[in-house]
Amino acid sequence: MNVVDLAHPAEEVAPKLLGAILTHETPEGTVSITITETEAYSGSADPASHAYRGRTPRNAVMFGPAGHLYVYRSHGLHWCANVVTGADGIATAVLIRAGRVIEGEDLARERRGDKVESPRLARGPGNFCQALGITAEHNGTDLLTGASVALSEGEPVPAALIGVGPRVGVSKAHDWQHRFYLAGDPTVSAYRLSPRAKPSAGA
């Protein structure tokens, strides 16, 4: 995966990230996860995006350049990882919702818990980050220059295997079809409608 591939709107990049691999090398070992579920967030055009109301210190990484990691804490509990996309100055990003651990499963299980089944190790954005060892210190990491956290190409995913649907748990623009996933894959998280969701217009 290179910057040219990522320098497009999030809703175009999100399905292309399926099958790509995120790897984190640490002194404890290396964990690699194949991405199986993503969600696109389209900046100022998207009421569910952190950048909908403009640039802040929290969301500054979203404004580019593409290929950097935007990490935030959700509900004060879990870290979530996003791949920044689009042109510089346009705040779009792809949330990584789930994946399949393909390297370092023992270390991922140590982080997640001994009793967690393999398909659930990186199911859900918070679990994905926990399994990979991603925290606030990785916010802004360039995923394309050989840093300890890196994005690489995996096996291409045929379009026929990609499911599309509404985003999980968001209250605004919840019905936008900006969630992409490997249909039938056991690592993909279950759809959940936010109890605060209201009908919306959009893409």
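**Entry 1: helix H4**

I began at the end of helix H4, where Gly133 follows with a positive phi near 80°. Helices here are DSSP runs of H or I with at least four residues, strands are DSSP runs of E with at least two, and both are numbered from the N terminus.

I noted that the model is predicted, that local features need pLDDT of at least 70, that side-chain atom pairs count only at pLDDT 80 or more, and that totals for chains, interfaces and linings use all residues. Residues are numbered from 1 along each chain as its sequence is written, and side-chain values use heavy atoms, with hydrogens and water left out.

I then asked how many of the eight residues of H4 are buried. Six of the eight are buried, and H4, which spans residues 125–132, is mostly covered. I take buried as under 20% relative accessible area, exposed as over 50%, and partly exposed as in between, with a 1.4 Å probe and protein chains only. The buried residues are Pro125, Gly126, Phe128, Cys129, Ala131 and Leu132.

**Entry 2: the loop between H3 and H4**

I looked up two residues of this loop, Pro119 and Arg120. Pro119 is partly exposed, as its relative accessible area is 27%. Arg120 is also partly exposed, because its relative accessible area is 45%.

Pro119 touches Pro186 and Thr187, while Arg120 touches Arg112 and Asn127.

I also recorded two C-alpha separations. Pro119 and Arg100 are 19 residues apart along the chain, and their C-alpha atoms are separated by 6.7 Å. For Arg120 and Pro186, the separation is 8.0 Å across 66 residues of chain.

**Entry 3: salt bridges**

How many salt bridges does the structure hold? I recorded six. A salt bridge is a side-chain nitrogen of Lys or Arg within 4 Å of a carboxyl oxygen of Asp or Glu. Side chains of opposite charge can pair when their charged atoms come close.

I followed three of these pairs. Glu37 and Arg97 meet through their side chains at 3.0 Å, N to O. This pair links distant parts of the chain, as Glu37 is in strand S2 and Arg97 in strand S5, 60 residues apart. Is Glu37 buried or exposed? Glu37 is buried, because its relative accessible area is 0%. Arg97 is buried as well, at 8%.

The salt bridge between Arg179 and Glu37 is at 2.7 Å, N to O. Here too distant parts are linked: Arg179 belongs to strand S8 (residues 179–182) and Glu37 to strand S2, 142 residues apart. With a relative accessibility of 5%, Arg179 counts as buried.

Arg97 forms a further salt bridge with Glu39, whose closest N and O atoms are 3.9 Å apart. Arg97 is in strand S5 and Glu39 in strand S2, so this pair ties together parts 58 residues apart in sequence. Glu39 counts as buried, at 0% relative accessibility. Through shared partners, salt bridges join Glu37, Glu39, Arg97 and Arg179 into one network.

**Entry 4: a charged patch**

Which residues gather in a patch of negative charge on the surface? I noted Glu28, Asp106, Glu110 and Asp114. Patches are made of residues with over 30% relative accessible area and no salt bridge, with like charges joined within 9 Å and nonpolar side chains (Val, Leu, Ile, Met, Phe, Trp, Tyr) within 5 Å. Asp106 lies in helix H3. Asp106 counts as exposed because its relative accessibility is 66%.

**Entry 5: backbone particulars**

Most residues other than glycine have a negative phi, and most peptide bonds are trans. With that in mind, I looked up two places.

Gly64 and Pro65 are joined by a cis peptide bond, with omega about 5°. Pro65 is placed in the loop between S2 and strand S3 (69–74).

Ala173, a residue other than glycine, has a positive phi near 50°. I found Ala173 in the loop between strand S7 (162–165) and S8. Ala173 counts as buried, because its relative accessibility is 4%.

Conventions
Accessible areas come from the Shrake-Rupley method with a 1.4 Å probe; for residues, only the protein chains shown count as cover. Lys and Arg count as positive and Asp and Glu as negative; His and the chain ends are not counted. The place of a charge is taken as NZ of Lys, CZ of Arg, CG of Asp or CD of Glu. Contact means heavy atoms within 4.5 Å. Lists of a residue's contacts leave out its neighbours within four places in sequence.
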